[in-house]
Amino acid sequence: MTDETARPTDEGAPISTADPEARDDASVERALRAGLADFELSPEDQALLDAQGPYAAGAAEQGPLPVVAVVGRPNVGKSSLVNRILRRREAVVEDVPGVTRDRVSYEAEWGGRRFTIVDTGGWEADATGIHLRVAEQAEIAIDLADVVMFVVDATVGATDDDAAVVKLLRRSGKPVVLVANKVDDERGEADAAALWSLGLGQPWPVSAVHGRGSGDALDAVLEVLPDVSAHGAYAQGGPRRVALIGRPNVGKSSLLNKLAGSERVVVDNVAGTTRDPVDELIELGGTTWRFVDTAGIRRRVHQTRGADFYASLRTQTALEKAEVAVVLIDAEQPIAEQDIRVVQQVIDAGRALVIAYNKWDTLDEERRYYLEREIEKELVQVPWAPRANISARTGRHMDRLVPAIETALESWDTRVPTARLNAFLGEIVASHPHPLRGGKQPRILFATQASTRPPRFVVFASGFIEAGYRRFIERRLREEFGFEGTPIEVSVRVREKRRR
């Protein structure tokens, strides 16, 4: 009778004693682990060796939070008010009209109540061009909101555009809290009182910059705010997060709109149209994803100024919140230093990576030939990144994105059993030992995978392991275990023998 019993390993997962290869791997691990007893190990080393399995799953997704939309004409202080409510500088603010262009959601809390607050671009009655599309996004935000905070500049008073917004709000039937902004002291309260003429009830005098009166306005919001959103358009958590990043004008917003099947974000030929990260839940391949459109990465962050500087910071934050980044590259143009820097930014952030070459449908055979040569030369450091040739304008080959994203995420989550890892390293060290240096040869003592997302490996050695040999180990790890679409890290801890 075949022995099918299972015994646990140090990783906490059972290994069948009927599998000779698994038994051999486990034997190698036990022998190497026992050999570590002869070396000086720190408490941190011991904690790493004793760690059990992958991290526990996160909390279950909560229901959709109620939504508060902040609307008004340009430059009345909407983003400043959003930052005041969030108690941090999250929304991009600059002292010129039209900085915010898309509707951007954030999670906020006041008086023990959590809600989603949506910053919008300025609404203008006679807008044209890009300003018209900005106004359309503000109207969509009103439709998806449960409560609207209508912000008016008290120092200017009610304008024709404000009166037009009032008509829009009345048609929506949504509860409205009227905020009279830029009331910095008691002298400005008379200006706020004049806004009763708008017919929206009590105007709440507020100074978004200094915080004066903002608590009273939020209390008024809570009085009409439901417990759960009636729309659920900004539900938090759950779907895996995909950041669309790249240099300006490569088609990130066009791709998001095509995936969403609607004009979700403002698109214009002017580079730098998007400034705030914009989230959208999109169903692709039978799975719901949270795609995040981001501002184009122009130059190094310390060289940017004003709104572009803060937009660069928001892009970095969005990348760190994401799980996988789709880097868009304009296939019509030569691969630029900016493209390479964006790819490196993803690697440095430790996120899964997919490279999408946009505008593929416009390329002739000659350009395709030269693009392949550019990829071989300029992106030689990421041959492991899945590739998709797409067209955001026509939607061509969009179906190739999902398999590439799924492959990258699967690799990003991969954990190699310690027994298998050490058996594999034993094989490659036996066939390709570390070169002798100064008459000595460092020996690999033991290895373990410290974490996933991305996979991080720690190698204990008796001496210094050269960078070239570390790269060799990384390359062989990829050949053996895949890791397609994810950066991996290999760090070495040099440990000396215990003194007898």
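The accessible surface of the chain in this predicted model comes to about 23400 Å², and carbon and sulfur atoms account for 49% of that area. Of the 500 residues in the chain, 49% count as buried, where buried means under 20% relative accessible area.

The chain is built from 14 helices and 17 strands. Contacts across the sequence can be sorted by how many positions separate the two residues.

Strand β6, residues 147-153, runs parallel to β7, and six bridges join the two. One of these pairings can be located by residue: F150 has L178 in β7 as its bridge partner. Why is strand β7 largely enclosed by the rest of the structure? Strand β7 covers residues 176-181, and five of its six residues are buried, so the remainder of the structure largely encloses this strand.

The structure holds two cavities of 30 Å³ or more. The second largest cavity contains about 30 Å³ of space. Its lining consists of L421, L425, A447, F457, V459, I473, L477 and V490. Which elements each supply at least two residues of this lining? They are helix α13 (418-431), strand β16 (456-461) and helix α14 (467-481). By class, the lining of the second largest cavity has eight nonpolar residues, with no polar and no charged residues.

Notes: Residues are numbered from 1 along each chain as its sequence is written. This is a predicted model: local features need pLDDT of at least 70, side-chain atom pairs count only at pLDDT 80 or more; totals for chains, interfaces and linings use all residues. Side-chain values use heavy atoms; hydrogens and water are left out. Helices (H or I, at least four residues) and strands (E, at least two) are DSSP runs, numbered from the N terminus. Buried means under 20% relative accessible area, exposed over 50%, partly exposed in between (1.4 Å probe, protein chains only). Accessible areas come from the Shrake-Rupley method with a 1.4 Å probe; for residues, only the protein chains shown count as cover. On a 1 Å grid over the protein atoms alone, a cavity is a set of points where a 1.4 Å probe fits but cannot get out, and a pocket is an open set with protein on both sides within 12 Å along at least five of seven lines; lining residues have an atom within 4 Å of a point. Grid points are joined across faces, edges and corners, and a volume is the space filled by probe spheres set on the points. Ala, Val, Leu, Ile, Met, Phe, Trp, Tyr, Cys and Pro count as nonpolar, Asp, Glu, Lys and Arg as charged, and the others, Gly among them, as polar. Two strands pair if DSSP finds at least two bridges between them.
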